[in-house]
Amino acid sequence: MKKHQECSKIVLAVCATLGMALAPSAYAASGPIKIGVQAPITGTYADEGQGIERAVKLLAAMQNAKGGLLGRKIEIKVCDDQGQAAQAAICARQLVNDHVVAVIGSYTSGAALAAEPIYARANVIQTSDGTSNELLKRGYKTWFGNAAPNSAEAKFTAHYLVDVRHFKKIAVLTDHSSFATGLAGAVVRDIKADHGNVVDKSFINAGSQNFSPVLTKLKSMHPDVLYFSGYYSDGGLIRAQMVQLGMKAAFVGGDANQNVAFAKIAGSAAAGSIIVNVPAPADLPYPVAKQFVATYKAKYGALPPSVFTLTNADGMRAVMQAIAATKSVKPAKLEAYLHSMKSFQGLTGTFAWSAKGERTGSPFVAFAVQKDGSYKIRYPAPKND
Amino acid sequence: MGTFIQQLINGLTVGGIFALIALGYTMVYGVMRLINFAHGDLCILGAFIGLTTLTSAAGGGHPGAGLLLLAFVVSVIVIAVAGVALERIAYRPLRKADRLAAVVSALGASMMIENGIMLVWGPQVHVFPSNLLPATTWHLAGATISFVQVMIILASLVLMIALYLFVNHTRFGTAIRAAAIDQDAARLMGINVNRVIASVFIIGPALGAIGGLFIGIYYREAYFTMGWTYGLYAFIAAILGGIGNIPGAMLGGVLLGLFNAFAAGYVSSSWQDAITFGLLIVILLVRPTGLLGERVAEKV
Amino acid sequence: MRRAKLGTLIWAAGLALPFALDSSWVSVAAFFAIYAITALSEDIILGRAGIFDMGHAVYFGIGAYVTAILNTTLNIPILLTIPVAMLVAAGVGALLSAPLIRLRGDYLLVATIGFNAIFVLAMQNNPGGITGGSDGITGIGVPTLFGLQLESQSSMFWLDWVALGAVLLLMHNLDGCEFGRALRYLKQDELAASTLGVDARKVKTLAFALGAGLAGLAGTLFAVQLSTVSPSSFLFTESVTLFAIVIVGGQGSIPGVLFGTALMFVVPQIFRGLAEYRYFVFGIAMIAVMVLRPQGLLPRKRIAT
């Protein structure tokens, strides 16, 4: 500090006050257990981000009502990353300084990626629905992907399209997002490995709504199925515009299409659409999943915005379970517990984590959208019906 | 052939919507030399107002065509009032300032309206009721066109012709044109420039609200960030046609819609926007003030 | 001159920030320095040359991508990539400006928006497999200086802060030199300037190249700070923010642009507590600032010419 004696007293005073105001409260082992949420609360993905925040806060409140964890209350710290890398990096440092044990989020792979090394260096658990392969590359032991990886979904999808439904001409459509392009690429690769025939791979501009031009082009290629890897707000419209254009092809959508709004947007065209995803809470053999969705709806007056709300909720539940089981908030112990879990009963199916932090063992199913907008498992055939 | 006609229909429908929104940009620009970046958000606010009118007036039942008309009326009135208020608060104090100050004020207004929509209606996708209009479709030469598409194309055309006639063949329209050429001179001629500006901020947003509601009815969804996308496209359409020029905005909107359709349909869907923007830049290099813009030195 | 002295003092005091702030605010300060360089570079084009550039994120992005590609594929040390990043960004800026400068005002503005959209799409489409598509590029290394790894947030902050200092010095000298004067004449009256022998085309192209090159430097620092780059960091909305920073702060005014950066970037960090109300309030604040201070918060002092 000696070097900087020349700086005027005013500046020093300002620095000092700023420093005091911003210095984090001392970390106390007996205080509340802090868990962070890093999510896009504003901006394009605000719907998803606010869903994650609500789900995590709800889970914390439910646990606190039961006396918290290890006799301590759970406190949630939220940081809005707007889905942007730079904001995500700032959020990560902020949450690390808040001494959180674990962070739920973020929603976009890009924001999760920018935050990942910071959490890893600080040894803070990060559980996010990000599925980009880049997230696994550095082998950080703090990383726990809570959504099933694209590779598993792609394998199931290709098998379903080629071997189960015997589609002969498959058209693939994606947007430019990291998630959707990754999934579409993997699906195309796996279809080819299964000796299927991909007639075209096209792109849409997410949110541009005007998908008729690209669909008109696809129509002229006479595919018997259109696979779309992007999000429901576009997927519903794609389905509606397919029918409006008189396209006969079936519609199969990736997991991001599963949302109540899909059927509403597609309207009368929705029925018969297929969506590939992990099982919905209603289809799981254990009641905790159904209960959570009901409580969420009762508290917030709406269903969770998407399946990713639930996968992030699963991340939160797994962290809480780890704390309870190890009776500790030490990162090393929690990470070891999470990595060694044989099977975790999630709200989105039973799963475990690989050494790389990849979600494994998630069974996929193909849902058919019904006339009333509800979903029914179509493949694998339900056992008891 | 069917594919080509279909792309033409696709392009015209979305082009009609772009044109309606572009008119608001171009009229405001013509009179005030202001890029009203909040215009797209006003349009989408119009869609939300219309949706709320529809669902609350229907009271849980299914809204019919009469209610749809009511939704248009309410939405147009509310957005016109909002447009005038915006001008009073955010732009009028800046009329004599550097014009970029008003542009940034407009960016602030855009952010305020967009996030205001999120706070009032929530961040989720809102879905418009289905079957507001007959689901009839016609087939011609292997292409299909729906009732809603015909309605959007025709209504946009009628509104644009009406606006053109109003601006070119009425006394008040003459006042608007005079103010667009030279505000001070217009004032000396006894034209109430404030009234002209207010009228521009009524007509532009009103047309935008209709465009916004068309988007809602056609695509049946609305969410808070949509305004930015449509606003940007409409602004580009206005520039393409020659900003400040009313027929130019119409032409620009329709051309932009067609560019989009043909780029995705015949060239490459992954480079769709790049092709559209590339064409735009090339056109501007050939005609530096847009297709119908006048070649005059810019007022700074 | 007093202003310059005060500025130097404040910059020097800024070096002590890592001792006074916790690491999340040090990273805010580091991003502040990076965005300030970008905003200052935008000011050369927008505020000083009067070219309505609303696609400045392109040059920022080019710098970031050049560093990312060179470092991850060819293992070139970060600091050595800086001149390449600056040169490539400046070259692209000069190249694009050649046709652009023929356009006027708002037409030019739309063309720059177009370049921004094309750039983002190009990065997403992964030409030649070098940009990593929508995922972008990860695993960008840590800069080393004299064998010292600048890995901690504080050392990265110092790197950014020193770079900001260098850019500030350059901007300060710009006012006095012939090129700066030519820019000023041009902005005030292009016709009169050309009669004084100012080659408008050349000066504007130079301004574009200089602004783009400095943005490229900021891009390198951005890539280092995040250790990852992806197309979503260089969207058109980023360009809009940079544009707004210059106007809110005050065109052609160094303290104005710095203050504008603080307002547009640091203030939203402070008001995180507002949660979803944050940008609603921020929008209102932007209108209020412009209405109350149309020349910007700290407008440029009139220099006798």
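Hi everyone, let me start with a pair of residues: Ala39(A) has Asp80(A) as its bridge partner in strand 2 of chain A. That pair belongs to a parallel pairing of strand 1 (residues 33-39) with strand 2 of chain A, over seven bridges. By pairing I mean that DSSP finds at least two bridges between two strands. Helices (H or I, at least four residues) and strands (E, at least two) are DSSP runs, numbered from the N terminus.

A word on what you are looking at: this is a predicted model, where local features need pLDDT of at least 70, side-chain atom pairs count only at pLDDT 80 or more, and totals for chains, interfaces and linings use all residues. Residues are numbered from 1 along each chain as its sequence is written, while chains are lettered from A and ligands numbered from 1 in the order in which they are written.

Back to strand 2 of chain A: five of its seven residues are buried, so the strand is largely enclosed by the rest of the structure. Buried here means 20 or more other C-beta atoms within 10 Å of a residue's own, exposed means 12 or fewer, and partly exposed is in between, with C-beta atoms placed from the backbone.

Now to the sheets of chain A. Seven strands make an open sheet with mixed pairing, in the order 7-6-8-9-10-14-15. Strand 7 (198-203) and strand 15 (375-379) of chain A are at the edges with a single partner strand each, so one side of each has no neighbour in the sheet. From one strand to the next, the twist averages 25 degrees. Axes are lines fitted to C-alpha atoms, for helices over the stretch in contact, and angles run from 0 to 180 degrees between N-to-C directions.

Within that sheet, strand 8 (residues 225-228) and strand 9 (residues 250-253) of chain A run parallel and are joined by four bridges.

For contact, the C-beta atoms of two residues, placed from the backbone, lie within 7 Å.

There is also an open sheet of three strands in chain A, with the order 11-12-13 and antiparallel pairing. Strand 11 (344-346) and strand 13 (359-360) of chain A are the edges here, each with a single partner strand, so each has one side without a neighbour in the sheet. Two bridges join strand 12 (residues 349-353) to strand 13 of chain A, and Trp353(A) stands opposite Arg359(A) in strand 13.

Please check the cis peptides too. One joins Gly105(A) and Ser106(A), with omega about 5 degrees, and Ser106(A) sits in the loop between strand 3 (102-105) and helix 4 of chain A. Another joins Tyr379(A) and Pro380(A), with omega about -10 degrees; Pro380(A) falls in the segment after strand 15 of chain A.

On to the interfaces. Between chain A and chain C, 39 residues of chain A are in contact with 37 residues of chain C. Helix 3 of chain A gives the most to the chain A side, seven residues. The contact of chain C with chain B takes 31 residues from chain C and 36 residues from chain B. On the chain C side, helix 6 of chain C gives the most, with 10 residues.

Of its 31 residues, 26 are buried, so helix 1 of chain B is largely enclosed by the rest of the structure. Helix 4 of chain C is largely enclosed too, because 15 of its 18 residues are buried.

Buried or exposed: what are Arg33(B) and Asn75(C)? Arg33(B), with phi near 55 degrees, counts as buried because it has 20 C-beta neighbours inside 10 Å. Asn75(C), with phi near 60 degrees, has 8 such neighbours, so it counts as exposed.
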